[in-house]
Amino acid sequence: MLSELSSAAKVVGVKQSKKVIRDGGAKQVFIAADAERRITDPIRTLCEEHNVEVTGVSSMKQLGEAVGIAVGAAVVAVTE
């Protein structure tokens, strides 16, 4: 599942993910379990409102590595 993220069309980060979810372009959203809830809860709510599938990932580090960045990522939205 995570291995496919490196080649998928995606946006990384909370702000960019919120925008693509609101615009209807998100197909699936990955959220790191160790990210702060005050950051991830609004994303979860948006996903529910827009019927976007949410997948949990164990850590921000793991999610960051999966998308090929050197830092952790709280949220990644797949757009295709």
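Guide: Helices (H or I, at least four residues) and strands (E, at least two) are DSSP runs, numbered from the N terminus. This is a predicted model, in which local features need pLDDT of at least 70 and side-chain atom pairs count only at pLDDT 80 or more, while totals for chains, interfaces and linings use all residues. Residues are numbered from 1 along each chain as its sequence is written, and side-chain values use heavy atoms, with hydrogens and water left out.

Visitor: In which helix do R37 and D41 lie four residues apart?

Guide: The side chains of R37 and D41 meet in a salt bridge at 3.3 Å, N to O, the term standing for a side-chain nitrogen of Lys or Arg within 4 Å of a carboxyl oxygen of Asp or Glu. An α-helix has 3.6 residues a turn, so residues three or four places apart point the same way. R37 and D41 are separated by about one helical turn, being four residues apart in helix α2.

Visitor: Is R37 buried or exposed?

Guide: Buried means under 20% relative accessible area, exposed over 50%, and partly exposed in between, with a 1.4 Å probe and protein chains only. D41, at 27% relative accessibility, counts as partly exposed. R37, at 60%, counts as exposed.

Visitor: Within what arc do the buried residues of α2 fall?

Guide: The buried residues of α2 are T40, I43, L46 and C47. The arc is that of the directions from the helix axis to the C-beta atoms. Seen down that axis, the buried residues line one face of the helix, because they fall within an arc of 115°.

Visitor: Which residue is the bridge partner of V29 in β4?

Guide: Two strands pair if DSSP finds at least two bridges between them, and β2 and β4 pair in the antiparallel sense over four bridges. From β4, V75 and A77 point one way and V76 and V78 the other, all of them buried. The bridge partner of V29 in β4 is A77.

Visitor: How far apart are the closest N and O atoms of R38 and E36?

Guide: R38 is exposed, with a relative accessible area of 62%, whereas E36 is partly exposed at 43%. In the salt bridge between R38 and E36, the closest N and O atoms lie apart by 2.7 Å.
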